[in-house]
Structures are given as structure tokens and as C-alpha cells.
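Please examine the sequence and the model shown here before reading the report.

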Amino acid sequence: MAVLDDLSGFEFEDLMEDVFRNLGYENVRQAERTADEGRDVIMEEVVDGTRRAIIVECKHTGTVGRPVVQKLHSAIATFDFDGPKRGMVATTGRFTNPAEEYADRLQQNDDPHPIELIDGEALREIADEIGLDLYNGRIEILCEETLRPYDPAADVDAPVQEAFHDIENIEAADLPVPHSQVTFRPVVAITADTNAIFETSVGVIHRINDRTQFVVHAERGHPKVADDDVATLVTENFHATIPLDTGQFTEVFDDVEERRFGQTQTEYKEWAVDRLQDYHTTTVTYTGDNNVTYNKTCEPNISDISVQSIEPVYLPEVRQTTEVQKYSYPYEYYAAGPSRVTLEDGIHRCVHCGTSGVDETYTYCPNCGAIACDSHTKTERLEQEPVCTGCAVTERFALNTKYFYEEENLEAFREEYAAMPIHEKAMENKILAGGGVIATLLTLIVLLVIGGVI
């Protein structure tokens, strides 16, 4: 992690913000980068039910002396917080003996504002433990946990077998084993609080007190908020993550791929703050003291938004493809053990017209391997089994189209049809035959009426 020394002072503050948030501190935020009065990062912790503020001075330098620690001690004393307070100094370098002695003396004297010192060596050890690395000069998220890519109590292709259960004329057990691949895609779950009050001369006109939780797809490129069903899949299964062991998964899946996180934690934090600013910005109409109606745009400040946590995890995207004769049937979903969110269902889709959805009826054609909707499924004349319109051989008999698996079946029926008596031939078109019977009966009734019989 030698690249730690190449960071700018501001980048080092970003790093420390990430470190403290990963360590579990709450309401971690940076002070203004101008006139910070010795306070670079401000955060809170709860000890035995008591909330305590922590003021952190970040020093990206080779040596930190006693004056820096003394200045922070004064800054802690003047910091406006209703409760106990303490301080930290974090550096990429080391502390002088007088600096360490001053901090030790505060501890020994039970000073109300003690100060903890974190040098470069300790910082590197902490970063390693919490999964933060410096990659090509960037503070990359390292995550070793994933949601389960399959249900260990069932076969890996159980979702595909379940999907085929809805298809008429096929047994899932008779299907070939699908080709299975899994891509471990990075996501982050972000929790943030927005607290803002907007006032005018007439008093408070708008107030925001909101906790927002959302899941973000975190690969390279612009972050994208996950759909609600995907977010639910992630957040409800955080308690059941497992180590991401690609070697283990290669024994289960044909192909395994792991994607990298595209941004740093700080970049995700800044993106989330921008998004929440836009989300909470609203125009409020109010009446002034002069009884005039005004419109005011209420936009929360950056300081009104506090990112409480950024939790990384891998979300398995499983794609299973079943090859049946000349057709391929993909089934793709995000997985979390037995739970999943379907991304693509190529099984419940007619190969001829694209009709899709689990509410339709689909039938398997054993002649060509097609799955077809009702409009493209017919009954084979000789064998009385389903056949799809895509592969069937057709010919009209008694003015009605008949469907056959192949030319041999058609030829066999031609011979059978030629030997049929006329009434049986007529029954090859039941509608036409039924209409003929009705027409004959009506004609007979008319003749009987005319003849005075009835």
C-alpha cells in the first residue's frame, strides 16, 4: 500500500472517512475544507447508551508533532456538541515523542477530551482488516462476501426445472442439463439521513426528516439504483452472505466471473448525497406577513445529508441455457439462495411470435423442440400429439387444414383418407359437417311445413 503516500491531503481525508465508516462509526462527515479549525472529519459513537462526538485531525505528512495534538485538544473543547467528546489524529507518517507523551498524559489524567493517535503503520493494518485497498492510486472497495448463487438444499438447475414445470407436454426430468454461468456483480447498500429545516420571516415553511435506504449497482460507469425487487432481495439476505470463493463455485457452474467495484466509497457517498439533494428538493408555497403568496425552492445543503453506512456485497447473476434440439432457452436471474429475481425468462416465451409471460399457456413440440403459445400449437392428425406450426407439414382435407410431423405422416394419411367412406371424410371438417346436418334438417322442416305435415 505504498501508494498511500501519493495521496493528496484531501484524498487522505476521503480515505479516513471511508475507514471510519467501515469501522462502524456513525454520522461520519467531513468539515468544510476551508477554515476547518483543526477538524477534518467529524463522527459519532455510542458507548453504553451515551452518544459521543469524535473530532479527527488528518495529517498527510511524514511527522506530526505536539502542536498539532494541542491544537486539536482546543478544537474539541470549543466544538458545539451536547455530550461527551474526544479526538483522534490520523497520519500517513509517524508521531514525535512529545506528541505521544501529550496524548498519553491526557489519558492518564482522565481529561474530558482524550485524543487517540493513529500512525501510518496502524492505518495500513486497519485498512487491510476492513477490506480497503489502494488500487492504482484509488481507494478501491474490496469485498469478500456474496449472496448465495444457488440453494444448497437443491440442485443448481432447480430454478430451470421449476420453470419448465409450467410447459405442457414435457417432463423437466427429461431435459438436458443446462449450461450454467454465474457473474458476481458488485452492489452497495446505502443508508443516509436527511435533516433540514427551511424558515422565512413567517417561520418554518418546510421540514425534512427522512432516512433513505437504497441499493446501487456498483460496476464501472455511472451508479444505478436497483429496482425495488432487487433491493429487497439484497437487503433481506445480508444476514446470509457467504465468502466469495470462485474456486468452490467452479465446481458447480460451468463459467464463473467476478466483476470489480467501479467507484470508491467516497465517490458513492458523494453520488448518494447529490441524488438525495435532488430527490428532496421541492418548491413550497407560503403566505408572507404581507398576505402575498410566495414560492420558495427548498434544497437541502450537503451538510444536511449524512451517509450512515455503505455496505458492499456481491449479487450473483445466474444465466442457465437449456439446449433442446435446435432451440436455446435462457433463464437468467439474480440469486440469493432459494430466492431470486428473474431478469430473462426465455422458457415462457413462444419461439414463433414472442408472446411471453407466465400467465399464458405454452406447449412443447417434441418434433422440433419448440415451445409455442396456443396460437402456434396444433394437434398432429395421425398421432394426436402437439405439433407447432413452425415445423408441421400441412395439407387441406375436406376444406380443413391438417397438421403432420413430417411428409411420411402426411402420405400415410392421404392413403387413409382415400379409403374413407364419404361420411367419414366429411367428419374431417366437423364444423362443415355439422353445418351440413343443420342445413339438411332446416330444409326438411321447411318442406314439411309447406306440405302441411307440420
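## Basis of the model

This is a predicted model, in which local features need pLDDT of at least 70 and side-chain atom pairs count only at pLDDT 80 or more, while totals for chains, interfaces and linings use all residues. Residues are numbered from 1 along each chain as its sequence is written, and side-chain values use heavy atoms, with hydrogens and water left out.

## The largest pocket

The largest pocket holds about 610 Å³ of space. A pocket is an open set of points on a 1 Å grid over the protein atoms alone, where a 1.4 Å probe fits, with protein on both sides within 12 Å along at least five of seven lines; lining residues have an atom within 4 Å of a point. Grid points are joined across faces, edges and corners, and the volume is the space filled by probe spheres set on them.

Its lining comprises 23 residues, and Arg29, Gln30, Lys269, Ile302 and Ser303 lie nearest the centre. At least two lining residues come from each of strand 1 (26–30), strand 11 (179–200), helix 8 (265–280) and strand 18 (305–324); helices (H or I, at least four residues) and strands (E, at least two) are DSSP runs numbered from the N terminus. By class, the lining has seven nonpolar, seven polar and nine charged residues, where Ala, Val, Leu, Ile, Met, Phe, Trp, Tyr, Cys and Pro count as nonpolar, Asp, Glu, Lys and Arg as charged, and the others, Gly among them, as polar.

## The second largest pocket

The second largest pocket has a volume of about 220 Å³. It is lined by 13 residues, with Asn22, Phe238, Ile310, Glu311 and Pro312 closest to its centre. Helix 1 (9–22) and strand 18 are the elements that give two or more residues to this lining, and strand 18 gives the most, with five. The lining divides into six nonpolar, four polar and three charged residues.

## Residues with positive phi

Asp110 is not a glycine, yet its phi is positive, at about 50 degrees. This residue is found in the loop between helix 3 and strand 7 (115–118). Asp110 counts as exposed because its relative accessibility is 66%; exposed means over 50% relative accessible area, buried under 20% and partly exposed in between (1.4 Å probe, protein chains only).

Asn169, also not a glycine, has a positive phi of about 70 degrees. Its place is in the loop between helix 5 (158–164) and strand 11. With a relative accessible area of 34%, Asn169 is partly exposed.

## Helix 2 and helix 3

The axes of helix 2 (residues 66–78) and helix 3 (residues 97–108) come within 7 Å and cross at roughly 35 degrees; axes are lines fitted to C-alpha atoms over the stretch in contact, and angles run from 0 to 180 degrees between N-to-C directions.
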